[in-house]
Amino acid sequence: MLKQSRVGFNTDRKTFEDMIYVIKQDLKRGLSPYQISISHSDFMMSQSTIYRWVSKGYGEMTNMDLRKKVKYKQRNQNTNRPTKHGIDRSYSAFCELEPDIRDSACEMDTVIGFKKNKQCILTLFLRACKLQICILLPSKSCENVARAFNALEEYCGTVLFKKLFGIILTDNGLEFSNYKLLEKSSLDIGERSKIYYCDVRASNQKAMCEKNHVEIRKIIPKRQGIDFDKLDEYDIAYINEQINSQPRKSLFGHSSIQVFKMMFGVLADNLMKVLGIREISSKDLNLTFNGFKKFHEQKEEVMQEMGVEDGVNN
């Protein structure tokens, strides 16, 4: 009875040890207590139970094993200056859109590596389903963003492209400055989207995209020797499937990919296939840099067998 009371519910020692083992292994893969709790329904353990066991040191676990909570610093709102792209493309104009239009908008940004790197990652965050699409760009330029848009439009067709990326909110970076180039359809006459810009130095106005970058940085953290010029499409596909396959509390335990499929069905399947994004199970999630390095070790072996040179530093 004493052992049962320490655990907190009626279970045998073997089951308890199995549960502790599962929790420790999943924490090492970067999963949160919530994600662990819904991934192991056979054990019937809640996230509060997991937090409590970690706090009490069961299985030699400590709070240091938990995923770091995202700390997002709010910027001073009193000094914001509107974008130079005009009032009709300002954040104020975006806020005047109907709520359902804002809720289904896309937030756009880039993730960069070292200063010397030319390649960067374009990120497109779909608010409605919290799907973040990462696309590798040869360089951080408006022309390359436009080429990525053109490719997406060809894959999706103009109708689906407008549904996904018809309204875009982004910052005032040079790579997004030529809105006419980005908005012009490559398949049809007219515009495929309309771009709105945050106030100057107020990228927190697209906070969902900014916060989701934390998930990317868990896999390819800064100051870990990741040379972005040596990333390839396989790396980007790995990142896409990891960050979009994790169950989210805000989506009632579903992943972004699952919600995306619910919303767009076969069209979603086709787009993910073209982008090389596949849904993976929770047991295959590894939202850590160590997981990324392991992926590279396996990729290098395959490429060496094929006589292809890989270049990402481990």
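Which residues lie nearest the centre of the second largest pocket? I shall answer that in a moment, after a word on the model as a whole.

Colleagues, what you see above is a predicted model. The protein has 314 residues, and buried residues make up 50% of them. Its secondary structure consists of 13 helices and five strands. If we take contacts between residues at least 6 apart in sequence, 67% of them join residues at least 24 apart.

To return to the opening question, the residues nearest the centre of the second largest pocket are Tyr 238, Gln 242, Gly 291, Phe 295 and Gln 298. They belong to a lining of 19 residues. Two elements, helix H11 (233–245) and helix H13 (289–306), each give two or more residues to that lining.

Asp 199 sits in the loop that runs between strand E5 (194–197) and helix H10 (207–219). What is the nearest side chain of opposite charge to Asp 199? That side chain is Arg 81, at a distance of 9.5 Å. A salt bridge requires the charged atoms to be within 4 Å, and Asp 199, although buried, has none.

As for its neighbours, leaving aside residues up to four places away in sequence, Asp 199 touches Asn 80, Arg 81, Pro 82, Thr 83, Tyr 91, Asn 172 and Gln 205. Arg 81 is thus among the residues that Asp 199 touches, yet the two form no salt bridge.

Notes:
Residues are numbered from 1 along each chain as its sequence is written. This is a predicted model: local features need pLDDT of at least 70, side-chain atom pairs count only at pLDDT 80 or more; totals for chains, interfaces and linings use all residues. Side-chain values use heavy atoms; hydrogens and water are left out. Helices (H or I, at least four residues) and strands (E, at least two) are DSSP runs, numbered from the N terminus. Buried means under 20% relative accessible area, exposed over 50%, partly exposed in between (1.4 Å probe, protein chains only). Lys and Arg count as positive and Asp and Glu as negative; His and the chain ends are not counted. Contact means heavy atoms within 4.5 Å. On a 1 Å grid over the protein atoms alone, a cavity is a set of points where a 1.4 Å probe fits but cannot get out, and a pocket is an open set with protein on both sides within 12 Å along at least five of seven lines; lining residues have an atom within 4 Å of a point.
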